[in-house]
Amino acid sequence: MEVALVLLVAVAAASGCGAPSYQPNTGRVVNGEEARPHSWPWQVSLESFFPTCGGTLIAPNWVLTAAHCITFHTYRVVLAEHNMNKEEGPEQFIMVGKMFIHPKWNDNCVSCGNDIALLKLEKNAVLNDKVQPACLPPPGAALAHNQPCYVTGWGRGDTGGPQATALQQALLPAVDHATCSRSDWWGSSAKTTMVCAGGASKSACHGDSGGPLNCEGGDGKWYVEGVTSFVDGRACNTTLKPTVFTRVASFVPWIRETMAWN
């Protein structure tokens with residue numbers, strides 16, 4: 001029975017994912033450009049009393065986010081969000097029913113890893129041309145060095161200003177572990193259960209936490225390869241300090257088991 005449940009979730013998560021109706025504008029590489037509305041249809045805004053983090057829809061009633069984002073008791077997610085300053089019509093507002101933080105997460109040590117959490121929604125999202133799940137990568141999959149990926153979110157810039165009004169995207173090439181763990185890069189803070197991306201003039205920043213690192217697979221589908229975890233404390237886009245993401249491929253078994261039994 002256990003195997004059957006896990007396989008059922010695996011099949012459900014793999015089908016009908018990572019194929020946006022509105023294709024992302026991936027031709028430009030300017031940091032912080034506004035995303036084409038609804039071109040990242042799995043991007044969610046996680047809110048408590050105010051927008052706090054991002055997240056990724058991976059099934060109609062499951063959202064992937066960062067463990068360090070979970071600091072309150074009550075949350076809701078907003079799907080099909082683009083402009084945070086106004087309701088544009090297609091948004092879906094759904095309360096979070098249950099929260100599952102990875103058991104090895106230590107909130108006093110973000111660089112220790114395991115910065116990942118699952119949110120079970122109180123009801124299924126209505127999947128349409130503006131709301132779709134992202135694909136999960138195969139367990140253990142690794143990104144190639146310089147593979148083009150995109151970070152998305154409504155985060156603040158290095159200047160500490162307000163959150164972006166409209167959803168932003170930035171091209172962040174993947175950095176392999178051998179490079180990211182060099183002493184002049186992140187050193188021992190970069191674990192094999194993490195993915196580094198960027199490290200030049202582009203990065204995630206405050207408010208982007210929990211959101212996806214979106215990478216296109218060879219099959220043309222988009223995979224959530226990373227969950228935005230941390231940046232350098234001096235500035236988000238510090239040279240040789242790429243944005244660090246939780247490596248989703250390292251946690252696929254935990255994700256599938258949690259979904260199957262809850």
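Guide: Let's start with a working definition: a disulfide here is a pair of cysteine sulfur atoms within 2.5 Å. The model we are looking at is predicted.

Visitor: Which cysteine does a disulfide join to C53?

Guide: The cut-off to meet is a sulfur pair within 2.5 Å. For this link the S to S distance is 2.2 Å, and the partner of C53 is C69.

Visitor: How many residues apart in sequence are the parts that C53 and C69 tie together?

Guide: C53 lies in strand β3, while C69 sits in the loop between β4 and β5 (76-79). Both C53 and C69 are buried. The link is left-handed, with -95° about the S-S bond. Because of where the two cysteines lie, the pair ties together parts whose separation in sequence is 16 residues.

Visitor: Is the disulfide of C149 and C215 left-handed or right-handed?

Guide: The sulfur atoms of C149 and C215 are 2.1 Å apart. C149 belongs to strand β8 (residues 148-153) and C215 to strand β11 (residues 212-216), so the chain parts being linked are distant, 66 residues apart. The torsion about the S-S bond is about 110°, and therefore the disulfide is right-handed.

Visitor: Why is C112 classed as partly exposed?

Guide: C112 is joined to C109 by a disulfide with an S to S distance of 1.9 Å. Buried means under 20% relative accessible area and exposed means over 50%, with partly exposed in between. C109 is buried at 18%. C112 counts as partly exposed because its relative accessible area is 40%.

Visitor: How many disulfides does a search of the whole structure find?

Guide: Among them are the link of C53 and C69 and the link of C149 and C215. The search of the whole structure gives a total of 5.

Visitor: In β7, what is the bridge partner of V63?

Guide: A closed barrel of 6 strands runs β2-β3-β4-β7-β6-β5, with antiparallel pairing. Within it, β4 (residues 62-65) and β7 (residues 117-121) pair over 4 bridges. The partner of V63 in β7 is L119.

Visitor: At about what angle to β7 does helix α3 run?

Guide: Helix α3 covers residues 252-260 and lies across β3, β4, β6 and β7. Its angle to β7 is about 25°.

Visitor: What is the relative accessible area of T193?

Guide: T193 is found in the loop between α2 (177-180) and β10 (194-197). Leaving out residues up to four places away in sequence, T193 touches F245, T246, R247, S250 and F251. T193 is partly exposed, and its relative accessible area is 26%.

Methods:
Residues are numbered from 1 along each chain as its sequence is written. This is a predicted model: local features need pLDDT of at least 70, side-chain atom pairs count only at pLDDT 80 or more; totals for chains, interfaces and linings use all residues. Side-chain values use heavy atoms; hydrogens and water are left out. Buried means under 20% relative accessible area, exposed over 50%, partly exposed in between (1.4 Å probe, protein chains only). Contact means heavy atoms within 4.5 Å. Two strands pair if DSSP finds at least two bridges between them. Axes are lines fitted to C-alpha atoms, for helices over the stretch in contact, and angles run from 0 to 180 degrees between N-to-C directions.
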